[in-house]
Amino acid sequence: KHMLSISRAQVREVDRMAMEDYSVPGIVLMENAGRNASEAIINTVESVSEQDMVVVVGPGNNGGDGLVIARYLELAGARVRVALVAPPSRLEGDSLTNFKIVTQSGIEVLSLVGTSEARWQAVLASATCVVDAILGTGATGAVRGDSKIAIDSIAERMKISPRPFIIAVDVPTGFDCDYGAPDGKCIRADTTLTFVALKQGFYTADAEQYTGRIQVIDIGVPQAVRVHCGL
């Protein structure tokens with residue numbers, strides 16, 4: 001039986017209503033998303049303090065969620081590195097605030113913009129866990145540029161044993177949350193931590209090979225918003 005799922009447009013509307021109609025600051029939603037996702041990660045992986053975690057961060061709010069996740073994984077005792085696929089100058093708003101928190105608190109941040117796959121392999125070599133926070137539900141079309149190199153690099157790293165455990169934040173990068181199929185390259189996750197509700201595209205026949213196991217993560221959207229949006 002299908003649990004209720006939402007489209008890209010509905011995701012936007014849930015966020016908009018929470019922020020504009022119910023006065024929940026975006027940074028609070030981002031903090032809740034990242035903190036609750038990090039808790040799910042800690043519950044999923046073996047002894048977090050022995051993990052070497054690379055959080056791959058893109059330019060938008062998905063990257064911002066990843067930065068929050070990086071903070072809480074560090075607090076839980078993991079070794080955490082943030083790999084940026086977008087220049088810090090592209091970060092804005094809540095994502096930029098979290099980038100400042102991460103850099104000022106001394107978490108290792110690697111800018112991999114414009115680097116080769118060999119450089120990526122060097123960064124990923126020791127990783128036991130990779131968190132995909134590159135692109136979220138807003139992304140459409142084929143993944144290009146540094147994000148594509150990141151996907152290719154993670155796929156290459158998966159061929160080397162022991163392979164890292166791959167966790168996608170909200171949706172795997174490259175996966176179209178409405179159509180359920182990638183337009184080009186796509187992360188193949190072991191588990192997807194999706195926010196608020198399942199996404200429409202998760203029900204296609206091919207979805208599972210990209211999403212892996214799916215877990216719905218709460219972000220503290222007011223109940224009134226959920227009811228209004230039929231959740």
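**Close-up views of helix packing and local backbone features**

**View 1. Contact of α2 with α4.** Gly-26, Ile-27, Met-30 and Glu-31 of α2 are in contact (heavy atoms within 4.5 Å) with Asp-94, Ser-95, Thr-97 and Asn-98 of α4. By class, this contact has 2 nonpolar, 4 polar and 2 charged residues, where Ala, Val, Leu, Ile, Met, Phe, Trp, Tyr, Cys and Pro count as nonpolar, Asp, Glu, Lys and Arg as charged, and the others, Gly among them, as polar. The model is predicted, with local features needing pLDDT of at least 70 and side-chain atom pairs counting only at pLDDT 80 or more, while totals for chains, interfaces and linings use all residues. Residues are numbered from 1 along each chain as its sequence is written, and side-chain values use heavy atoms, with hydrogens and water left out. The axes (lines fitted to C-alpha atoms over the stretch in contact, with angles from 0 to 180 degrees between N-to-C directions) of helix α2 (residues 26-44) and helix α4 (residues 93-104) come within 9 Å and cross at roughly 55°. α2 is therefore oblique to α4, as angles under 35 degrees count as roughly parallel, over 145 as roughly antiparallel, 65 to 115 as roughly perpendicular and the rest as oblique.

**View 2. Contact of α3 with α4.** Helix α3 (residues 61-75) and α4 have axes that come within 8 Å and cross at roughly 30°, which means that α3 is roughly parallel to α4. Asn-61, Gly-64, Leu-67, Val-68 and Arg-71 in α3 meet Ser-95, Asn-98, Phe-99, Ile-101 and Val-102 in α4, and the residues of this contact divide into 5 nonpolar, 4 polar and 1 charged.

View 3. Thr-194, in strand β7 (residues 191-195), counts as buried (under 20% relative accessible area) because its relative accessibility is 0%. A polar atom of the Thr-194 side chain lies 2.7 Å from the backbone oxygen of Asp-170. Asp-170, found in the loop between β6 and β7, is likewise buried, with a relative accessible area of 9%, and has a positive phi of about 70° although it is not a glycine.

**View 4. Backbone features in two further loops.** Most residues other than glycine have a negative phi, and most peptide bonds are trans. Ser-23, in the loop between α1 (8-21) and α2, has a positive phi of about 60° and is exposed (over 50%), with a relative accessible area of 58%. The peptide bond from Ser-161 to Pro-162 is cis, with omega near -5°, and Pro-162 lies in the loop between α6 (145-157) and β6 (165-169).

Methods. Helices (H or I, at least four residues) and strands (E, at least two) are DSSP runs, numbered from the N terminus. Buried means under 20% relative accessible area, exposed over 50%, partly exposed in between (1.4 Å probe, protein chains only). A polar contact is a pair of N or O atoms within 3.5 Å; within protein, one must be able to donate a hydrogen and the other to accept it, and residues adjacent in sequence count only if both atoms are side-chain atoms.
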